[in-house]
Amino acid sequence: MNEEKIVVSIGEDGSIEAEAFGFEGPVCMEKLSTLLAELGPFTSERHKDDYFKGKRTTVQRQGEV
Amino acid sequence: MSSIVKLATPLLDHECVVEALRQPGARCTLGKTTIERIELTYNGQNMSLVKAPLGYILEYRNDYNRAGIPEWLSTVDQLYRAQVVEKEKRIAEEERRRIEEEKARLRAEQERLVVEKARVMGYRLDKRAEKDGSIRLVLVRRM
């Protein structure tokens with residue numbers, strides 16, 4: 001069974017960090033954006049390797065066509 | 001014949017003045033006290049501290065023995081300064097506490113929003129941990 005996991009850390013000063021696990025591609029950013037929409041805009045983003053997996057797949061698929 | 005002597009003092013903050021006069025070192029008895037006027041007795045002399053823009057003015061009749069009043073006022077001034085320092089510390093501490101409470105309220109509200117939204121998105125709160133004022137939420141969705 002697949003599992004999506006999001007870890008949200010709320011700092012002592014009210015800052016928020018969120019990390020997504022079990023996602024591939026930019027869908028994780030969409031999920032995080034939706035989840036944290038009411039808490040203000042992101043001030044920084046850092047993408048893990050999984051974020052680019054979906055993009056690579058898409059590019060490869062376009063190349064195959 | 002007597003007249004009223006009016007002596008400017010550096011005493012400005014009402015609360016600190018009253019607290020200073022209540023100290024045993026002030027060697028006086030407080031009478032009726034309002035922000036505008038503080039009645040007191042020192043060494044058998046009735047005196048008043050009357051509020052003025054630049055500091056309380058000490059008023060007393062000059063038909064009493066005035067010896068020692070400048071020294072007494074100097075002692076009161078020292079006690080007053082100590083009270084001002086204490087008050088400033090207290091205000092700073094109250095402000096620090098207020099900010100901490102505001103931060104805690106903000107964190108609780110942020111947590112509530114995240115967990116509520118996560119539930120709507122199909123996630124459940126798997127773990128919650130709190131350490132040094134920080135909150136860690138683990139949200140999980142199985143497919």
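This is a short chat about a predicted model with chains A and B.

Me: Before we start, how are residues numbered and chains lettered?
Reply: Residues are numbered from 1 along each chain as its sequence is written, and chains are lettered from A in the order in which they are written. The model is predicted, and local features need pLDDT of at least 70, side-chain atom pairs count only at pLDDT 80 or more, and totals for chains, interfaces and linings use all residues.

Me: Which element gives the largest share on the chain A side?
Reply: That is S1(A), with eight residues. Strand S1 (3–10) and helix H1 (27–35) of chain A are the elements that give two or more residues to this side. Helices (H or I, at least four residues) and strands (E, at least two) are DSSP runs, numbered from the N terminus.

Me: What does S1(A) pair with?
Reply: S1(A) pairs with strand S7 (residues 134–142) of chain B, in the antiparallel sense, over eight bridges. Strands pair if DSSP finds at least two bridges between them. Within S7(B), Leu137(B) is the bridge partner of Val8(A).

Me: And H1(A), which residues are buried there?
Reply: Cys28(A), Lys31(A) and Leu35(A) are buried. Buried means 20 or more other C-beta atoms within 10 Å of a residue's own, exposed means 12 or fewer, and partly exposed is in between, with C-beta atoms placed from the backbone.

Me: New topic: where do I find Asn43(B)?
Reply: Asn43(B) sits in the loop between S3 and S4 of chain B. Its phi is near 55 degrees, a positive value in a residue other than glycine. Most residues other than glycine have a negative phi.

Me: Is Asn43(B) buried, exposed or partly exposed?
Reply: Asn43(B) counts as partly exposed, because it has 14 C-beta neighbours inside 10 Å.

Me: What about Asp132(B), where is that?
Reply: Asp132(B) lies in the loop between strand S6 (124–131) and S7 of chain B. Phi of Asp132(B) is near 50 degrees, again a positive value in a residue other than glycine. Asp132(B) is exposed, with 6 other C-beta atoms within 10 Å.

Me: Last one: what is Leu49(B) in contact with?
Reply: Leaving aside neighbours within four places in sequence, Leu49(B) is in contact with Leu11(B), Val17(B), Ile38(B), Tyr56(B) and Leu58(B).

How values were computed
Contact = placed C-beta atoms within 7 Å.
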